[in-house]
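Take a first walk through this structure.

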Amino acid sequence: MSINTRRLALAIANAVDLVGVDDTAHGKRVGIMARECASVLGFPQAVCDRLFEAGLIHDCGVSSTQVHRILVTELDWEGAQAHCDLGARLVAGFGPMADLAPIVQFHHTHWNELPDSLDPTLALHANLIYLVDRVDMLAAAYLRGNQQLLHAEEIRSRIASFSGTFFAPELVDSFLETSFPEAFWMLLAPDNISQYVNEMGDEDGLEIIDLNQLRQFAAIIAHIVDAKSHFTVEHSEGVARLSRYLAECLGLSAECCDKIEIAGLMHDIGKLQIPDEILEKPDILSPSERTLMKSHSFVTLQILKQIDGMDDIAQWASYHHESINGTGYPFHLEGDELSIEARIIRVADIYQAMAQLRPYRLAPTAPDVILGVLRSMVRDGHIDGRVVDLVAENLAYCHGLAVAAPST
């Protein structure tokens, strides 16, 4: 597949930015500031652009809204390294972005504490991401009303005070030079961020990646989503495994099976915008909470459709709450509007969710009980009976796929 890999980085940024709930552009602002400072430092254009992408994905180890709030309100937090290490492991597993893993790993390490074994160039790049990340933290208090420019000197002075300790002196100097013009701070206004990011995303950056690499990317998204709550650990992976198996049983092509698995991994991206306290609420959701929850599959589509070449995957992933009889959400599709791929993911999502512990359910549901629920949903016209028949014929194996990776 020909994929603009920068669009993949933007998809990660969009996913992680959803975690912020009230602040949904942190990664983009960090990427913009990193690229602007790198340009003043005289770095080659390709390096400047790569640092933009590093800024976009630097927080890919963050899933919790609580952790995100700390990261954008505390200048130096001793628990920050956990998300750096996790993010580095995720990125290292995806070939087109593997070179950014050290930058992600050390983007909260003080300049005077970086290991001597780290390549000097990577150390400088990681420290630049750290510097502009902390600039954005300091500016976060002034986001409402777009007041960053009014407090620019205060922010610049605070960063300057850490020259030689938190940040490399040459990076501090470059930031002070880059941030002196008012235009630097104006770039960080929401409308200007969108224009900047769109222009960067439209640049020619097509790479040929295979479906295995695309699955590696999807696995990053799945981990970010599933780590948001201990109740949803392995949910996306389980849906992906079960969806692929059912597609294989139906005789769909190998390429189609690969794509269904990828769609299963990414179907719940939109849930990242749901606050932790709602996802883990043990009681019935309020009408407003329910409305917010029902928006997540639409958000999934909005994120994935920005990646050229993934239209079918984006649709299959975002239709996982649609019903054949038109009573699903948020699009109310019905009948032939729902492809067999979307119908498979719908069944797999229901099965896996019932097989897992949930805050509103004291124990996972037994396989035969889940099958009974699925049969009932077939009778009511919600899901495809052909897919449920396959689950029934292979119930034990399907259950194993839903709850854990097979041992062989």
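Which residues form one aromatic cluster? Tyr130, Phe162, Phe166 and Phe167 do. Rings of Phe, Tyr and Trp (for Trp, its six-membered ring) pair if their centres lie within 6.5 Å; planes under 30 degrees apart count as stacked, over 60 as edge-to-face and the rest as tilted.

A word on the model itself. It is predicted, so local features need pLDDT of at least 70 and side-chain atom pairs count only at pLDDT 80 or more, while totals for chains, interfaces and linings use all residues. Residues are numbered from 1 along each chain as its sequence is written, and side-chain values use heavy atoms, with hydrogens and water left out.

Now the whole chain. The protein chain has 22 helices and two strands. Both are DSSP runs numbered from the N terminus: helices are H or I with at least four residues, strands are E with at least two. The C-alpha atoms fill a box of roughly 70 × 45 × 35 Å along the principal axes. The radius of gyration is 22 Å, which agrees with the value near 22 Å for a compact globule of 408 residues. That radius is taken over C-alpha atoms, and the globule rule is 2.2 Å times the number of residues to the power 0.38.

Of the 408 residues, 56% are buried. Buried means under 20% relative accessible area, exposed over 50%, and partly exposed in between (1.4 Å probe, protein chains only). Contacts tell of the fold too. Among those between residues at least 6 apart in sequence, 70% join residues at least 24 apart. A contact means heavy atoms within 4.5 Å.

Return to the rings. The whole structure holds 13 aromatic pairs. One of them joins Phe175 and Trp185, edge-to-face, at 6.5 Å centre to centre and 85 degrees between the planes. Phe175 lies in helix 9 (residues 169–178) and Trp185 in helix 10 (residues 182–186), so the pair ties together parts ten residues apart in sequence. Both residues are buried.

Helix 9 also holds Ser174. Is Ser174 buried or exposed? Ser174 is buried, because its relative accessible area is 3%. Beyond its neighbours within four places in sequence, Ser174 is in contact with Cys37, Val40 and Leu41. Ala219 is 45 residues from Ser174 in sequence and 36 Å from Ser174 in space, C-alpha to C-alpha.

What does Ile262 touch, leaving aside neighbours within four places in sequence? Its contacts are Leu211, Leu214, Arg215, Ala218 and Ile313.

Ile313 leads on to helix 18, where Ile313, Ala314, Trp316, Ala317 and Ser318 are buried. Their cover includes helix 12 (211–226), helix 14, helix 17 (296–304) and helix 19.

Last, follow the loop between helix 18 (311–318) and helix 19 (340–355), where Pro330 lies. The peptide bond from Tyr329 to Pro330 is cis, with omega near 0 degrees. His332 sits in the loop between helix 18 and helix 19 too. Its phi is near 55 degrees, a positive value in a residue other than glycine. His332 counts as partly exposed because its relative accessibility is 46%.
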